[in-house]
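Welcome! Let's take a friendly walk through a protein model, one feature at a time.

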Amino acid sequence: MNQQPFAFALRPGVLAAALLIAGAAQAQTAGSERESLETLRQTTLQLIEALVQQGVLPADKARALVAQAEARARATVAEQQKAEQNTVRIQYVPASVRQQIANEVREEVVAQAKAERWGDVNAVPEWVDRFRFDGEIRVGYQRDMFDKTNAPEVFQQIAGQNINNTLIDRDRERLRARLGLTARVTQDVTAALRLTTGSSSDPVSTNQTLGNYGSKYNFALDRAYLRARSQDVLPWLTTTAGRIPNPFFSTDLMWDDDLAFDGIALQYEDPAASTREWRPFATVGWFPLQDSERSASNAARSRSLLAAQGGVEWVPSNEFRAKVGLALYDFRNVSGVRNDFNSVTQNGTQPAFRQKGNTLFNLSNPTNFSGPFGLAADYRVLNLTTAVDYTLFNPVHLILGADYVKNIGYSQARTLARTGLNLAPEDQGYMLRAAIGMPNMLLKGDWQLSLAYRYLEADAVLDAFTDSDFHLGGTNNKGFIVGAQYGLSRNTWLSARWLSSREISGLPLSINSLQVNFHARF
């Protein structure tokens, strides 16, 4: 008898626990778990109902017991749902995917580190790579030897020729220094500057003769220009403007190697053709030579050069290449104009710079034997240049070159009208050159031997811009040039040249020159 109250005391707890489990299970499970919990719930309710029917459990107490169990179950489910809402679920990622992500992140970081120079103690900022410096220093000796049968210089000077010595040999030590800077402004634009020694009033020489009583030398701005070539729009066109290097395929028969051009040049050269056998090229340019402001006291016009060149390079193999170019150089307003009687308004038609050789006439009226002197001829020069480079056995090359010029602007009638002299045309010139060895002195043991013959009549080209070494500069000369070079070390070499020349016409003038130089390039 005493066991029933005890049974009652236990059974409601068991039932409540069963209902609680059933309710919690109902809230937590899904799928198959939900089905099993529903079965347990129905079984528990049927058990309670059986206890009520057998009189073991009063009906009201059974309903209260079920209600209490359901209330606890709902409270438990609510707490679990709240806990689930605050839980962060992380989706499972396979190991292979995690490794791939890690590799991609590492590659991106490394690429960015290289671009921005992270962590490399020897690295320099990226902008430094956009600047490139280059330079050269040349120290040498030159001996000029004059033939004793030469006409004294005073006779040359009376004719207006720019020469100070024709009879006395001269020895001198010379220096040439250059320092250049090229900056890549954008992907398509570069800017360049170059400083050099030499006289700022001499356009064809950057040499400085040593021995200035301790005074310092000039270091002048030799080049300053912008160069543009788009990668997307007309990629075959390069535009260069400012004080620019020689844009033409030429030799020093026409243009001295030290000459820079003021103006603008447009150059056609297709990058896609660099791998083809035939590679055409072309250049056009306009270059002011001497600006002149006209006024009541100055009637001289500004002088300029309009030039065009076309050609092709033939590269049938790695061992052979040939190049030919045909150019027309049209010099504007370079000839002199004689003054009216007792006037000096045409004095400005004398050229700002001359070497020697061109036919001249006196501009003064009445005649003043000291000048000024102007050019007697007009100059429109046709220039044909060729070069052949054949690799005999690597790295020894055989290099052949030929250059021909003719001043098609020369007019005997106009020259007669200016000078009063009926002069035979001297309007042609040519040069032949052969060299064997390495094309450039780069390494120790590199060498080259060369031989050239040069013939240049008085009015074939403007004497102001042709080679300043042969015959000590200018036109109206012919003769040989023998040269040798030898590499002492990387970018350092010795060179020697023997230049033997004499006049083609006019007063006798024979000059031999020996040049020995030590070069260092950096």
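## Overall build

The protein contains six helices and 19 strands; here helices (H or I, at least four residues) and strands (E, at least two) are DSSP runs, numbered from the N terminus. Please keep in mind that this is a predicted model, in which local features need pLDDT of at least 70 and side-chain atom pairs count only at pLDDT 80 or more, while totals for chains, interfaces and linings use all residues. Residues are numbered from 1 along each chain as its sequence is written, and side-chain values use heavy atoms, with hydrogens and water left out.

Of the 522 residues, 37% are buried. Buried means under 20% relative accessible area, exposed means over 50%, and partly exposed lies in between (1.4 Å probe, protein chains only).

## A network of salt bridges

How many salt bridges does the structure hold? There are 19, each being a side-chain nitrogen of Lys or Arg within 4 Å of a carboxyl oxygen of Asp or Glu. Glu136, Arg176, Arg178 and Asp258 are joined in a network of them.

Let's look inside this network. Glutamate 136 and arginine 178 meet through their side chains at 3.6 Å, N to O. This pair links distant parts of the chain, with glutamate 136 in strand E1 and arginine 178 in strand E2, 42 residues apart. Glutamate 136 counts as buried because its relative accessibility is 12%, and arginine 178 counts as buried because its value is 14%. Arginine 178 also forms a salt bridge with aspartate 258, where the closest N and O atoms are 2.4 Å apart. Here the link runs from strand E2 to the loop between strand E6 (237-245) and strand E7 (260-268), 80 residues apart. Like arginine 178, aspartate 258 is buried.

## A nonpolar patch

On the surface, a nonpolar patch with about 1,100 Å² of accessible area together includes Trp127, Phe131, Phe219 and Phe522. Such a patch joins nonpolar side chains (Val, Leu, Ile, Met, Phe, Trp, Tyr) within 5 Å, from residues with over 30% relative accessible area and no salt bridge. Areas come from the Shrake-Rupley method with a 1.4 Å probe; for residues, only the protein chains shown count as cover.

Strand E1 (131-146) and strand E3 (189-196) each supply at least two residues of the patch, and E1 gives the largest share, four residues. Phenylalanine 219 sits in the loop between strand E4 (208-209) and strand E5 (220-228). Is phenylalanine 219 buried, partly exposed or exposed? It counts as partly exposed because its relative accessibility is 40%.

Terms used:
Patch = residues over 30% accessible without salt bridge, like charges linked within 9 Å, V, L, I, M, F, W, Y side chains within 5 Å.
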